[in-house]
Amino acid sequence: MSMRILAPALVALSLLSATPGLAASAEGTIQSVDPDTLTIVLDDGNTYKLPGEIDMSAIKEGIDIVIAYDVVNGTNLITDMEIYE
């Protein structure tokens, strides 16, 4: 079963950014979650920033996800994510 989480506020933010983003995707298992900085680290070792209005109860270590993200000012900003439970 998968759950799709959309982040329209983050998409709007990335579209308004002065620095153009580079669209990309990644998939893997969440290795760590930092609710204070709203970041996750996947098993690829990369850190990705979650949107500010996300329900953190669905984001846990060990969950497999596929994300779409934009690189804005050197930060991987998640624009869409699908969680596999």
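Start by colouring the chain by pLDDT, the predictor's confidence in each residue, from 0 to 100: the average is 81, and 74% of the residues score at least 70. This is a predicted model, so to speak of local features here takes pLDDT of at least 70 and side-chain atom pairs count only at pLDDT 80 or more, while totals for chains, interfaces and linings use all residues. Numbering runs from 1 along each chain as its sequence is written, and side-chain values use heavy atoms, with hydrogens and water left out.

Stop 1: Select residues 6-19, where pLDDT stays under 50. The model has 17 contacts beyond four places in sequence for this stretch, a contact being heavy atoms within 4.5 Å. Where pLDDT is low, the predicted coordinates should not be read in detail.

**Stop 2: the whole chain.** Switch to cartoon and you'll find one helix and six strands, in the order β-α-β-β-β-β-β along the sequence. Helices (H or I, at least four residues) and strands (E, at least two) are DSSP runs, numbered from the N terminus. Of the contacts with a separation of 6 or more, 55% join residues 24 or more positions apart. Buried residues make up 36% of the 85 residues; buried means under 20% relative accessible area, exposed over 50%, and partly exposed in between (1.4 Å probe, protein chains only).

**Stop 3: the core.** Which residues have the most contacts inside the largest nonpolar core? Select Ile40 and Ile67, in a core of 17 residues. Such a core is a set of buried Ala, Val, Leu, Ile, Met, Phe, Trp, Tyr and Cys residues joined through side-chain atoms within 4.5 Å. Strands S2 (22-34), S3 (39-42), S5 (64-72) and S6 (75-84) each give two or more residues to this core. Now show what surrounds Ile67: beyond four places in sequence, its contacts include Ala24, Leu42, Tyr48, Ile78 and Met81.

**Stop 4: Ile30.** Move to Ile30 in strand S2, which counts as buried because its relative accessibility is 2%. Its C-alpha lies 5.3 Å from that of Gly62, 32 residues apart along the chain. Setting aside neighbours within four places in sequence, Ile30 also touches Ile40, Val41, Leu42, Ile59 and Ile63, among others.

**Stop 5: the tyrosines.** How many aromatic pairs does a search of the whole structure find? The search finds one. Select Tyr48 and Tyr69: their ring centres are 5.1 Å apart and their planes sit at 65°, so the pair is edge-to-face. Rings of Phe, Tyr and Trp (its six-membered ring) pair if their centres lie within 6.5 Å; planes under 30 degrees apart count as stacked, over 60 as edge-to-face and the rest as tilted. The pair links distant parts of the chain, with Tyr48 in strand S4 (residues 47-49) and Tyr69 in strand S5, 21 residues apart. Both tyrosines are buried.

**Stop 6: Thr39.** Next, pick Thr39 in strand S3, buried at 17% relative accessibility. Among its contacts outside four places in sequence are Ser32, Val33, Tyr48 and Leu50.

**Stop 7: two positive phi angles.** Leu38 has a positive phi of about 55° although it is not a glycine; Leu38 sits in the loop between S2 and S3 and is buried, at 18% relative accessible area. Asn73 has a phi near 50°, also positive in a residue other than glycine. Is Asn73 buried or exposed? In its loop between S5 and S6, Asn73 is exposed, with a relative accessible area of 61%.
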